[in-house]
Every structure is written in C-alpha cells, then in structure tokens.
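Please read the points below with the model open beside you.

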Amino acid sequence: MAGGVMVVSETGKNYPGKFTWKVFYTCFIAASGGLIFGYDLGISGGVTSMDSFLSKFFPAVYEKETSTDPSNNQYCKFDSQILTLFTSSLYLAALVSSLVAATVSRKCGRRITMLMGGILFLAGALLNGFAQTVSMLIAGRLLLGFGIGCANQSVPIYLSEMAPYKYRGSLNNLFQLMITIGILIANVLNYAFSLIPGGWGWRLSLGGAMVPAMIIIFGSMTLTDTPSSLIERDRHDEAKELLKKVRGVDDVDAELADLVAARDASKQVKNQWSALFKRKYRPQLAMAIAIPFFQQLTGINVITFYAPVLFKTLGFGNSASLISAMITGTVNCLSTVVSIFLVDKFGRRVLFLEGGTQMFISQVVVTAMIAYKFGIDGVAGELSKEYAGAVVLFICIYTAGFAWSWGPLGWLVPSEIFSLEVRSALQSVNVSVNMIFTFVVAQVFTAMLCHMKFGMFIFFAFFVVVMSIFIYKYLPETKGVPIEEMTLVWQKHPYWGKYIENGEDVEQNETFENDDDRNGRLNSMVESDLEV
C-alpha cells in the first residue's frame with residue numbers, strides 16, 4: 001500500500017513520504033468516530049415510525065397516525081413538537097459539548113477528546129435503551145449529543161492533521177463514509193427489530209448505539225495523537241518519531257519544521273476565541289459558518305433521520321417505509337465511496353458544484369411528483385408501485401448528489417483550511433453551526449411539511465442554488481495543498497486575499513490595473529516565500 005517516495009504540492013513545497021499502512025490504520029480507526037453520529041441519525045427516524053414506540057411515548061401522534069379517516073391530511077399526521085424534540089434535543093447538547101471540546105482538544109489532544117465522546121455516547125445509549133418515560137429518552141439524547149459534539153469536533157481535525165496532504169481528501173472522507181455506514185446499519189436494524197413480536201424492538205434499536213460507542217472507545221485507546229497536536233504541547237521528539245512512522249521515511253525535517261513554525265505562530269495567540277475576529281482570520285471564520293449552515297439547508301437531514309416518517313407520510317406502509325429508508329441509506333454509503341476516489345483527483349469545487357446541480361434537479365422533480373399526487377389538501381389514495389418507485393428513485397439521485405459533495409466535503413474543507421493557532425476554536429464553530437441548524441431543521445421539519453406541504457422541497461432547492469453560487473465565487477481549491485501552507489491559498493484568492501496580511505501590504509503600497517496583475521504579484525511573493 002506504500003506509494004512513491006516524493007509528492008509535490010500545488011503550492012510547490014515538497015514533503016518526502018509514502019502512503020503507509022500505519023497512516024491508513026490510524027485514519028480508519030479515528031474515522032470510526034463517525035459511526036456514532038451516523039447510527040444516531042439513522043436510528044432516530046426509524047424508531048419514531050414504529051407504532052409500539054409511538055404508542056408508549058407519544059400516544060397523541062400514534063392516534064393521529066393510525067386514524068382511518070380518509071379526510072386526514074397526510075402532510076400533518078406527524079406534526080408534534082414533543083416528538084421532534086426527542087430527535088432534535090441531541091443537537092443542542094452537541095453544540096455545547098463541541099465548544100468545551102475545543103479547549104480539551106487543544107490542551108489534552110484530539111485522541112482524549114474522541115475517547116470522551118465515546119464514553120458519553122455509551123452512557124446515553126444505555127439510558128435510551130432502558131427508558132420508561134419521555135424525560136429519560138430526552139436525558140439519554142442529551143448524553144448522546146455530548147458524545148457526538150466531542151467526536152465531531154476532534155475526528156475531522158485528527159484526520160486532516162494525520163493524513164499526507166496528497167491523500168488528505170480521501171482519508172478525511174472516511175469520516176463521512178463511517179457516518180453513512182452508521183446510517184445504513186441503523187436502517188437495517190430498525191427494519192429487523194420492527195419485526196420482533198411484542199413491540200419492544202425499539203429498545204434494541206436505541207440500545208444498539210452501545211456498539212459504535214465501544215468501537216470508538218477501544219479504537220481511540222490504540223491511537224497516538226497527531227504530530228501537530230504533540231508539537232502544540234511541546235512534545236517535539238514524539239512528534240518526529242510519529243512522523244517517521246506515518247510517512248514511512250526518516251527525512252521528515254521539512255514537514256516538522258513547518259509544523260514547529262505553525263506552533264510558534266500559534267503561541268502568539270493567547271485567546272483563540274477572541275482571535276477569530278481578527279481580519280486575517282475572516283475568510284476561515286466565514287467558511288466555518290457558511291459551509292455547515294449550507295450543508296444543513298440542502299435538506300439532507302429531512303431524508304436521513306426522517307426518511308421512514310417521510311415515506312410513511314407519502315403513503316408507504318410501515319415496512320415499505322423502512323425498506324425505502326434502507327435503499328436510500330445504501331445509496332448514501334456507496335456514493336460516499338465515490339467521493340473518496342474522486343476528491344483528490346478532481347478537487348473540492350468540482351464535486352461541490354456537480355452535487356449541487358444534481359440535488360437541485362432532483363428536488364424539483366420530487367416536488368412536482370408530490371404536488372401531483374397529494375395536492376394542497378394532502379389527501380390521497382394508495383400509491384401505485386410504479387409511482388412510489390419513481391419517488392424513491394429521485395430521492396436516491398438527490399441522496400447520491402449530496403453523498404459525494406456536501407456530505408463529505410462539509411467536514412473535509414473546514415477541517416483543512418484552519419490555521420493551527422485557531423484550528424480547535426474554528427472547528428468548534430463549524431460543529432456548533434452544524435448542530436444549531438441540524439436542531440432547527442429537525443425541530444421544524446414536521447411543521448414545515450404540514451404547513452408548506454410540497455413547497456418544503458422548493459425551500460431547500462432554493463438554498464441549494466444559493467450555496468452553489470457561494471462555492472463558485474468564494475471557495476478556493478484546496479486539493480493538494482499542505483495544511484501548513486493553507487494561508488497561501490487565501491492570499492492568492494481574488495476576494496479573500498485582501499484580508500490576509502501579505503495581501504493587505506500589497507494593496508496598500510501598490511496599485512494594479514486588474515486582479516490578474518495583483519494575483520501575479522502575490523504569486524511571485526508566494527514563490528519567493530517557498531524558496532526561502
């Protein structure tokens with residue numbers, strides 16, 4: 001599995017190294033932290049479509065859902081704020097824990113933060129599995145959220161710091177792959193457990209979260225911290241030995257020197273939170289907010305954790321809705337594998353834009369199909385197999401577009417563009433924004449479906465257009481750029497360059513006729529810096 005002895009970044013700097021089994025194993029085990037997030041995304045929507053679960057904890061919803069009155073509005077039968085609070089409470093907890101995890105990650109390392117996440121998730125799984133009341137369910141969800149916040153804050157950073165820059169995109173996308181595997185496993189288990197006589201299968205679904213929790217707990221115990229994290233805590237000798245092992249070569253002095261230089265710069269930042277508002281970090285802060293915001297407004301979580309509920313609303317039977325969710329989960333997983341192979345070949349921007357186009361077209365078609373069948377009043381008879389299959393097909397096309405673009409890249413790009421001195425804080429901002437809008441979408445989805453009806457899909461399609469324009473204009477390509485050199489990418493960007501210190505100096509002291517002249521001057525500055 002080892003490859004060539006020298007790779008060259010697009011910025012021109014050379015780091016000797018191979019793609020070793022050591023780095024693959026390390027990144028694979030760390031990426032398993034995505035299993036806890038994915039399992040929860042998949043399991044919550046499945047149990048809320050199980051009649052035994054609804055009748056025990058949400059009887060009002062169960063009564064509405066099982067009503068045989070043909071005049072009932074299909075769009076509104078799952079509209080319950082208490083029911084959605086069961087799903088969405090987790091994300092508020094994840095928001096809080098991600099902020100705390102920033103400090104833990106910087107002072108204690110990424111590995112310890114992952115371990116904490118696994119332990120908290122395990123406690124939440126146990127509480128949910130034995131729940132007797134709604135309050136126990138929500139308390140368990142909060143513990144699950146604390147665990148997910150820690151994992152989502154630390155794992156993407158760990159992967160970006162550990163991976164060789166030439167393969168950073170593929171290895172970082174293992175995190176999203178694990179999320180999709182977790183979702184798929186949850187969908188399969190939901191279907192299997194729903195068939196258990198006696199109606200207690202939902203306890204196995206919720207309690208089964210113990211398994212991915214144990215995987216990340218024991219997995220993190222076998223890992224070392226990243227070279228960047230070790231150097232950040234002044235453990236230079238350990239960092240050098242680790243670099244030799246994961247790069248497969250003895251000559252790691254150039255990469256080590258850049259890591260030390262980045263650490264020295266980070267020491268100048270006494271408070272990373274207040275530093276975020278400095279002008280030179282504005283491009284990174286903008287991406288830390290915009291990318292997770294847009295990722296949630298693709299509407300993917302409507303499909304992910306409400307797929308069984310959504311399909312049931314559209315007229316699918318209970319088993320058919322769970323099977324349809326399994327189909328979309330499989331598409332999600334396989335399409336993420338596609339991203340792993342393409343992201344370091346075609347780059348981030350190409351996948352973002354292609355995925356956005358595919359999602360938009362699919363959402364428009366699904367909107368038309370739902371509007372034709374259910375209209376405004378939401379009253380419809382049984383769906384034909386052909387019509388139901390067509391709905392599932394276009395939802396799968398939409399899911400595939402997300403799974404090889406905004407899904408993995410929403411975690412990859414933020415984790416690789418942050419400077420070391422503010423990396424933990426910005427990753428916490430990234431996770432917090434992600435959790436805030438995951439919570440909002442989860443909390444208002446059933447109400448949106450009830451009141452906006454098929455227009456809900458147009459709502460998300462509009463944001464897909466907006467986010468695609470944003471990526472086209474403002475996101476620089478980061479393929480093949482060492483994480484320590486990412487500042488150079490911002491310096492050369494025609495818009496963000498004015499916020500970076502070197503870019504400011506150029507603008508203040510020289511006048512250019514156009515952006516090409518200015519970029520030419522910045523390129524010569526970068527080449528000069530690299531020669532030094």
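1. The lining of the largest cavity is made up of seven nonpolar, eight polar and no charged residues, where Ala, Val, Leu, Ile, Met, Phe, Trp, Tyr, Cys and Pro count as nonpolar, Asp, Glu, Lys and Arg as charged, and the others, Gly among them, as polar. A cavity here is a set of points on a 1 Å grid over the protein atoms alone where a 1.4 Å probe fits but cannot get out, and lining residues have an atom within 4 Å of a point.

2. This is a predicted model, in which local features need pLDDT of at least 70 and side-chain atom pairs count only at pLDDT 80 or more, while totals for chains, interfaces and linings use all residues. Residues are numbered from 1 along each chain as its sequence is written, and side-chain values use heavy atoms, with hydrogens and water left out.

3. The largest cavity has a volume of about 150 Å³, a volume being the space filled by probe spheres set on grid points that are joined across faces, edges and corners. Its lining has 15 residues, and those nearest the centre are Leu41, Gln176, Ile300, Asn301 and Phe402. Two or more lining residues come from each of α2 (34-47), α8 (168-194), α15 (282-296), α16 (300-304) and α21 (406-417), helices being DSSP runs of H or I with at least four residues, numbered from the N terminus.

4. The second largest cavity, with a volume of about 90 Å³, has a lining of eight nonpolar, three polar and no charged residues. Among them are Gly299, Ser362, Gln363, Tyr398 and Phe460, and at least two lining residues are supplied by each of α16, α19 (348-374), α20 (385-403) and α23 (455-474).

5. How do α15 and α21 pack? Their axes (lines fitted to C-alpha atoms over the stretch in contact, with angles from 0 to 180 degrees between N-to-C directions) are 10 Å apart, at an angle of about 165°. The pair is therefore roughly antiparallel, a term used for angles over 145 degrees. In α15, Gln284, Met287, Ile291, Phe294 and Gln295 meet residues of α21 that include Trp406, Trp411 and Ile417, contact meaning heavy atoms within 4.5 Å. The residues of this contact are eight nonpolar, four polar and no charged.

6. The axes of α2 and α10 (residues 210-221) come within 8 Å and cross at roughly 170°, which means that α2 is roughly antiparallel to α10. Leu35, Ile36 and Tyr39 of α2 make the contact with Pro212, Ala213, Ile215 and Ile216 of α10, giving seven nonpolar, no polar and no charged residues.

Conventions: 1 Å grid on protein atoms, 1.4 Å probe; cavity = no way out; pocket = protein on both sides within 12 Å on 5 of 7 lines; lining within 4 Å. Parallel < 35°, antiparallel > 145°, perpendicular 65-115°, else oblique.
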